[in-house]
Amino acid sequence: MLLDASRLHVLVEVAHAGSIAAAATRMGFTPSALSQQLTKLEREVGAPLVDRGRAGTTLTGLGRVLLEHGERVVGELRDAERAIQSAIIDQPQQIAVGAFSSAARTVLPQALAVLRKRRPGIRFSLVDVEPPDGYGLVVARELDLLITHHYPGAVLPAATGLRRQLLFRDPLRLVLPPGHRFAGSAEVAIAELQDEDWISGAPGVPHRMFLESLGSVHVAYETVDYEVTLALIAAGLGISLVPASMLGRHEAVIVRDLRASAPTREIYIVHACRPSPMVAELITQLRATRTQPV
């Protein structure tokens, strides 16, 4: 059995887009045409690869297995296409970056600006990717570089066929509103905060999962935006654990450490094992701008 590469591409696009209709829009086909290609691929394999439901299209267990291989096939084909295009004509270098929202605001802009100044012809694209997603997009070469994070206790996604490097460690600080009962304490134990109103992401978000691993907490406000979190804290509506990179000079809040604990989230960059020279230069610039937390 020799699988059709174009149909593998369809499976990859459907998995990444979340539905046949969205994948069809991305690829410039009709949904019915894409559905037919998936059906043909399922005939080649001899088993269902997707479950088609009202909530969208999800992969079966076999579909997920084939997806891992399909992403690698599509990635290699895209590498080959770019190599051929570069050999035929001198085209502008393009770099696609995926990053979670706070990294896109703090870690990335300075590095991109420096590289753009050095290489005026370079073109960037940025995609908002919340962890732990994004690895498959790098495998399939939809992204050249992924900036992602990892919270204590969570399992790092597999990085098969990719290279994952630690960019920096980002300490988590306890942030309190002005006048809080522990505002005068240098350190606070998590057990002393059980009755507080906490601010965090929705259930399943890495920050929320880590917070709940510390003990029984009451999350009164749900948001993944740290600027919103800090505004709510400054208004006296709750407390939170906030990465140091997001604090800057927020004089309207009180920042303290957790007693007997030094939780830290790790910021990683993920890319192909053989990144292009431009991607390698961007990685170097990201490291150069990380002289202190931002």
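This is a predicted model, and the tour begins with Y151, which is buried, with a relative accessible area of 2%.

Now look at the two rings together. A pair of aromatic rings is described by the distance of the centres and the angle of the planes. For Y151 and F210 the centres are 6.3 Å apart and the planes are at 35 degrees, which makes this aromatic pair a tilted one. When the whole structure is searched, one aromatic pair is found. Colour the surroundings of both residues next: Y151 belongs to the loop between β5 (145–150) and β6 (162–176), while F210 belongs to helix α8 (residues 206–213), so the pair ties together parts that are 59 residues apart in sequence.

For the next stop, select R164 and Y268, where you will find that R164 lies over the face of Y268, at 6.0 Å from the ring centre.

Finally, select A99, which you will find in strand β3 (residues 94–99). Is A99 buried or exposed? A99 is buried, because its relative accessible area is 1%, under the cut-off of 20%. If you leave aside the neighbours within four places in sequence and show what A99 is in contact with, you will see A104, L108, L126, V127, D128, V129 and I147.

Notes
Residues are numbered from 1 along each chain as its sequence is written. This is a predicted model: local features need pLDDT of at least 70, side-chain atom pairs count only at pLDDT 80 or more; totals for chains, interfaces and linings use all residues. Side-chain values use heavy atoms; hydrogens and water are left out. Rings of Phe, Tyr and Trp (its six-membered ring) pair if their centres lie within 6.5 Å; planes under 30 degrees apart count as stacked, over 60 as edge-to-face and the rest as tilted. Helices (H or I, at least four residues) and strands (E, at least two) are DSSP runs, numbered from the N terminus. Buried means under 20% relative accessible area, exposed over 50%, partly exposed in between (1.4 Å probe, protein chains only). A charge sits over a ring if NZ of Lys or CZ of Arg is within 6 Å of the ring centre and within 35 degrees of the ring normal. Contact means heavy atoms within 4.5 Å.
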